[in-house]
Amino acid sequence: MPPWSLLAAGVVAGGLLGGGYGALATPAYSATSYVVAVPTERSDSAAALGFAQAYGRVATQLAVLGDAQVWAGVPVRTLQQNVTTATSPDAPMVAITATANRPDTAADMANAVARALTGHASDSQDATQVELQQFARAVKPTAPSSPGPALTGLVGASAGGLLGGLALLARPRRATGGDGFGDGRGGGGEDGGGQAATAVPGPAVAADASGRL
């Protein structure tokens with residue numbers, strides 16, 4: 001087989017495996033809910049921005065998720081594994097994203113965590129002077145967020161091509177027949193050694209000198 005067949009086989013095998021995984025894997029859906037920190041009369045926007053960063057870290061703690069599981073309808077462990085938060089350094093806003101294998105479950109989980117977080121912020125509002133309000137509710141996603149068969153197939157083909165290229169570089173190489181070539185060349189030297197020695201012309205200077213004499 002030609003050497004490039006390893007590379008082609010890796011690309012084809014990787015593409016088939018990646019595309020098959022994308023087609024058979026359970027799709028995942030993501031939904032995001034937003035809450036915003038609003039300063040009270042005795043606070044300012046800088047304080048609201050700082051507390052938004054803090055609430056973004058608190059949102060995935062057990063105290064908040066324990067209350068959220070009642071409205072989400074899923075265990076706390078599921079919320080811990082499938083809920084993430086993100087904050088912005090410029091806006092006092094917290095994005096709560098939930099992922100599930102059903103679009104309605106993902107939206108319920110995100111809204112439940114947002115509701116539980118605003119409740120905990122309301123309990124400490126007198127001390128923080130910052131109110132946490134729901135900015136936008138999570139809606140049921142219409143398309144999965146997980147990659148489809150086309151993308152997974154492309155990734156698999158790339159990985160297979162890389163492995164095939166490495167196998168091509170690591171394969172053992174065929175040895176060349178240098179000994180026979182050397183023996184033949186040496187034998188020729190022995191057969192014509194005498195003729196080669198007599199065929200060597202003398203120096204031009206010596207020839208000119210003998211002619212003058």
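1. The hairpin between strand E2 (residues 83-87) and strand E3 joins the two through five residues, and E2 pairs with E3 in the antiparallel sense over five bridges. Within this pairing, Val 83 has Ala 98 in E3 as its bridge partner, while Thr 85 has Ile 96 in E3. Strands (E, at least two residues) and helices (H or I, at least four residues) are DSSP runs, numbered from the N terminus, and two strands pair if DSSP finds at least two bridges between them.

2. This is a predicted model, in which local features need pLDDT of at least 70 and side-chain atom pairs count only at pLDDT 80 or more, whereas totals for chains, interfaces and linings use all residues. Residues are numbered from 1 along each chain as its sequence is written, and side-chain values use heavy atoms, with hydrogens and water left out.

3. On its other pairing, strand E3 (residues 93-100) runs antiparallel to strand E1 (residues 29-39), to which eight bridges join it; Ser 30 stands opposite Thr 99 in E3.

4. Taken as a whole, the sheet is open and has four strands in the order E2-E3-E1-E4, with antiparallel pairing. E2 and E4 are the edge strands, each of them pairing on one side only, and the twist from one strand to the next averages 25°. Helix H2 (residues 45-58) packs on this sheet and touches E1, E2, E3 and E4, its direction making about 145° with that of E1. Helix H5 also packs on the sheet, touching E1, E2, E3 and E4, and its direction makes about 20° with that of E1. Contact here means heavy atoms within 4.5 Å, and angles run from 0 to 180 degrees between N-to-C directions, with axes being lines fitted to C-alpha atoms, for helices over the stretch in contact.

5. Helix H5 (residues 103-123) also packs against helix H3 (residues 62-72), at an angle of about 130° and with the axes 8 Å apart. The two helices are therefore oblique to each other, given that angles under 35 degrees count as roughly parallel, over 145 as roughly antiparallel, 65 to 115 as roughly perpendicular and the rest as oblique.

6. Gly 66 is found in helix H3 and is partly exposed, at 22% relative accessibility; its C-alpha atom is separated by 9.1 Å from that of Leu 79, 13 residues apart along the chain. Buried means under 20% relative accessible area, exposed over 50% and partly exposed in between (1.4 Å probe, protein chains only).

7. A backbone point to check by eye is Gln 129, which has a positive phi of about 60° although it is not a glycine. Gln 129 lies in the loop between helix H6 (125-128) and strand E4 (130-136), and is buried, with a relative accessible area of 14%.
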